[in-house]
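Below are some notes on side-chain pairs and on one helix. Please read them with the model open.

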Amino acid sequence: HGLAFLVTPVRGVFHNLAVTKPADCRALVDACVREFGSIHAVYANAGYGIERSALDTTDDDYRAIFEPNFFGSLNIIRPAVEHMRAAGRGHVLLCASCLSKVSVPFYSAYSATKAAQAHIGRAMRLELAATGIEVSIVCPIGTKTEFFAALQPRSGRDSSLVQPTPDAFKQTSEFVADLTVKCLRRPVPEVWTGFRG
């Protein structure tokens, strides 16, 4: 006697796109539906940070950071929700950061974009409640990614002046991913990544 297991490998399709371009985002959503037959969830996670005082951040800097962080979220969510409405189900997630709730010095531009994401996420949750579409906001604390390394050249500051999140408050991207998947399985309005958050 023996046991047989049928293992279906997870399949992914990758696309190179700019979230600042609505047509690129629509093409990605359409490709997902074409490849997999539907779209179960969309996760608006693109963005970057800048470390500069609120008054030293130029209007152009503020506009530039809002393009991917905020408008990029809308660009990918809008076409995904069209398919979700037709299916009567789906899940929208926005990576809004703990800084969507609490601003820290020199991160006003980043915090503003994340607060905007959190506000539209909460509004969408109420607006879509009767459609079968869930909306969740993910609020991680500092995560071990290339965020701070990429932040330094944009900030126009010497790297010795950049104050990254202390190691005691950092977590792995896998940890955040696990909590996000848990939210997909059992939707909640907000995901906070642990006690420290």
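1. Is E82 buried, partly exposed or exposed? The model is a predicted one, and in it E82 has a relative accessibility of 45%, so E82 counts as partly exposed.

2. E82 forms a salt bridge with R26, with an N to O distance of 3.0 Å. Because E82 belongs to helix α2 (residues 59-87) and R26 to helix α1 (residues 22-36), the pair ties together parts 56 residues apart in sequence. R26 is also partly exposed, at 34% relative accessible area.

3. The count of salt bridges comes to 4. One of them joins the side chains of E190 and R122 at 3.6 Å, N to O. This pair links distant parts of the chain, 68 residues apart: E190 sits in strand β6 (residues 190-192) and R122 in helix α3 (residues 108-127). E190 is partly exposed at 28% relative accessibility, and R122 is partly exposed at 30%.

4. D61 and R52 also meet in a salt bridge, at 2.4 Å from N to O. D61 has 22% relative accessibility and counts as partly exposed. R52, at 17%, counts as buried, because the cut-off for buried is under 20%.

5. Helix α5 (residues 173-185) has 13 residues, which at 1.5 Å a residue should span 18 Å; the end C-alpha atoms are 18 Å apart, in agreement.

6. Which residues of α5 are buried? They are V176, T180 and C183. These residues cover an arc of only 55° around the axis, so they lie on the same side of α5. The face turned away from that buried side carries E174, D178, K182 and R185, which are exposed.

Notes. Residues are numbered from 1 along each chain as its sequence is written. This is a predicted model: local features need pLDDT of at least 70, side-chain atom pairs count only at pLDDT 80 or more; totals for chains, interfaces and linings use all residues. Side-chain values use heavy atoms; hydrogens and water are left out. Helices (H or I, at least four residues) and strands (E, at least two) are DSSP runs, numbered from the N terminus. The expected span of a helix is 1.5 Å times one less than its number of residues. Buried means under 20% relative accessible area, exposed over 50%, partly exposed in between (1.4 Å probe, protein chains only). The arc is that of the directions from the helix axis to the C-beta atoms.
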